[in-house]
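Welcome, and please take a moment to look over the model shown here. The notes after it are meant as a friendly first tour.

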Amino acid sequence: EVQLVESGGGLVQAGGSLRLACKASGFTFDEHAVGWFRQAPGKEREGISCISGLDGSIRYSNSVKGRFTISRDNVKNMVYLQMNSLTPEDTAVYYCTADEICYLGGADYWGKGTLVNVSS
């Protein structure tokens, strides 16, 4: 059974930083892309970053490029999202995802999410 368990969400002031983590299990981690989506209240779900399992190639949405950094540890089966220069517009539930390819339009597997709340 595929499991993706997020951690690291919380309340942070605008301009601050948070690091999200996701522990993956139940699939061949280094052969899959992993990523992060988010959904803000009243808004559609948004793919914000993913990293390929094959060559480590990375994609970012324009909304987070230059502020967020994705990384993965294929030994620990972990994926991380370092979020800097946070703004209230980054407030959302953040979901860890896994798929065969790095694609910001959707994913096969989803975690339950962790809430990030950025105060002004």
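What follows is a short briefing, grouped by topic.

This is a predicted model, in which local features need pLDDT of at least 70, side-chain atom pairs count only at pLDDT 80 or more, and totals for chains, interfaces and linings use all residues. Residues are numbered from 1 along each chain as its sequence is written, and side-chain values use heavy atoms, with hydrogens and water left out.

**Aromatic rings**

- A pair of aromatic rings is described by the distance of the centres and the angle of the planes.
- Rings of Phe, Tyr and Trp (its six-membered ring) pair if their centres lie within 6.5 Å; planes under 30 degrees apart count as stacked, over 60 as edge-to-face and the rest as tilted.
- By this rule there are four aromatic pairs.
- One of them joins Phe-27 and Phe-29, whose ring centres are 6.1 Å apart with planes at 45 degrees, so this pair is tilted.
- Phe-27 also pairs with Tyr-109, and here the rings are stacked, with 6.5 Å from centre to centre and 15 degrees between the planes.
- Phe-27 lies in the loop between strand S3 (18-25) and strand S4 (33-39), while Tyr-109 belongs to strand S10 (residues 109-110), so the pair ties together parts that are 82 residues apart in sequence. Strands (E, at least two residues) and helices (H or I, at least four) are DSSP runs, numbered from the N terminus.
- Together, Phe-27, Phe-29 and Tyr-109 make up one aromatic cluster.
- Phe-27 is buried at 15% relative accessibility, Phe-29 is buried at 4%, and Tyr-109 is partly exposed at 35%. Buried means under 20% relative accessible area, exposed over 50%, and partly exposed in between (1.4 Å probe, protein chains only).

**Charges over rings**

- The charged end of Arg-72 sits over the ring of Phe-29, 4.4 Å from its centre. For this, NZ of Lys or CZ of Arg must be within 6 Å of the ring centre and within 35 degrees of the ring normal.
- Arg-19 lies over the face of Tyr-80, at 4.0 Å from the ring centre.

**The nonpolar core**

- The largest nonpolar core has 26 residues, and Trp-36, Phe-68, Leu-81, Met-83 and Tyr-94 touch the most other members. Such a core is a set of buried Ala, Val, Leu, Ile, Met, Phe, Trp, Tyr and Cys residues joined through side-chain atoms within 4.5 Å.
- At least two residues of this core come from each of S3, S4, strand S5 (46-51), strand S7 (68-73), strand S8 (78-83), strand S9 (92-99) and strand S11 (114-119).
- Leaving aside neighbours within four places in sequence, Tyr-94 is in contact with residues including Glu-6, Leu-20, Trp-36, Ile-48 and Val-116. Contact means heavy atoms within 4.5 Å.

**The loop between S6 and S7**

- Ser-61 is found in the loop between strand S6 (58-60) and S7, and is buried at 11% relative accessibility.
- The side chains of Ser-61 and Ser-63 are joined by a polar contact of 2.8 Å. A polar contact is a pair of N or O atoms within 3.5 Å; within protein, one must be able to donate a hydrogen and the other to accept it, and residues adjacent in sequence count only if both atoms are side-chain atoms.
- Arg-67 has its place in the loop between S6 and S7 and is buried at 19%.
- A polar atom of the Arg-67 side chain lies 2.9 Å from the backbone oxygen of Ser-63.
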